[in-house]
Amino acid sequence: MIAIVAIGLILTMMGCGKYNSFVEQEGIVENSWSKVQSAYQRRADLIPNLVNTVKGQADYEKGTLEAVVKARASATSTNIDASQLTPENMAQFQQAQGQLASALSRLLVTVEKYPDLKANQAFIELQTQLEGTENRIKVARDNYNDAVTTFNISIRKFPSNFFATVFGFDDKAQFEAQAGSDQAPE
């Protein structure tokens with residue numbers, strides 16, 4: 001009888017320890033996710049200023065500007081709660097952000113046609129901020145993927161996987177490379 005009680009007590013203590021560990025790691029994943037969203041929001045906040053600066057100089061690029069505005073609206077409307085980080089939701093988020101990145105790239109290529117715009121100090125500053133923001137996004141995504149990897153490994157290890165199943169902890173989705181990202185841009 002004492003052995004059964006001792007085993008039950010040991011399992012309970014292990015379960016409590018594993019649960020607390022999972023909660024802590026999940027909190028780190030959620031914090032990392034919020035930093036990813038913050039970095040993407042910074043990019044979205046810069047876009048109206050960039051569009052207005054370009055609009056004043058490049059009157060003939062209306063279609064490109066409209067594509068950027070539309071992509072921004074789509075990207076900012078695609079939000080994922082940290083508790084819903086499934087592969088499907090992550091793919092939808094990445095697709096919206098990819099469309100925005102593509103539209104921004106087209107805009108910046110179009111700017112090459114306008115030497116006055118390229119020399120405009122406001123545009124240069126916005127472009128520099130946008131480049132810095134893209135670097136922040138990359139760092140935030142890498143940190144998020146690191147946190148998710150740690151969490152996913154911990155809930156798959158034995159005997160942790162037993163406790164993760166009992167307590168309802170599931171794998172979190174990671175950022176993956178966009179299709180075609182292995183090809184250098186022309």
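This is a predicted model: local features need pLDDT of at least 70, side-chain atom pairs count only at pLDDT 80 or more; totals for chains, interfaces and linings use all residues.
1. A word on conventions. Local features need pLDDT of at least 70 and side-chain atom pairs count only at pLDDT 80 or more, while totals for chains, interfaces and linings use all residues. Residues are numbered from 1 along each chain as its sequence is written, and side-chain values use heavy atoms, leaving out hydrogens and water.

2. Have a look at helix α3 (residues 87–111) and helix α5 (residues 121–156), whose axes come within 13 Å and cross at roughly 155°. Helices here are DSSP runs (H or I, at least four residues), numbered from the N terminus; axes are lines fitted to C-alpha atoms over the stretch in contact, with angles from 0 to 180 degrees between N-to-C directions. That makes α3 roughly antiparallel to α5 (over 145 degrees).

3. Which residues meet? From α3 come Met90, Gln94, Leu104, Leu108 and Val111, and from α5 Phe123, Gln127, Leu130, Arg141 and Tyr144, where contact means heavy atoms within 4.5 Å.

4. Ser32 sits in helix α1 (residues 2–57). Ser32 is buried, at 11% relative accessible area (buried is under 20%, exposed over 50%, partly exposed in between; 1.4 Å probe, protein chains only). Leaving aside residues up to four places away in sequence, Ser32 touches Asn143, Tyr144 and Ala147.

5. Finally, Phe163 and Phe167 are 4 residues apart in helix α6 (residues 160–167), about one helical turn. Phe163 is buried at 6% relative accessibility, whereas Phe167 is partly exposed at 34%.

Definitions and conventions: Helices (H or I, at least four residues) and strands (E, at least two) are DSSP runs, numbered from the N terminus. Angles under 35 degrees count as roughly parallel, over 145 as roughly antiparallel, 65 to 115 as roughly perpendicular and the rest as oblique.
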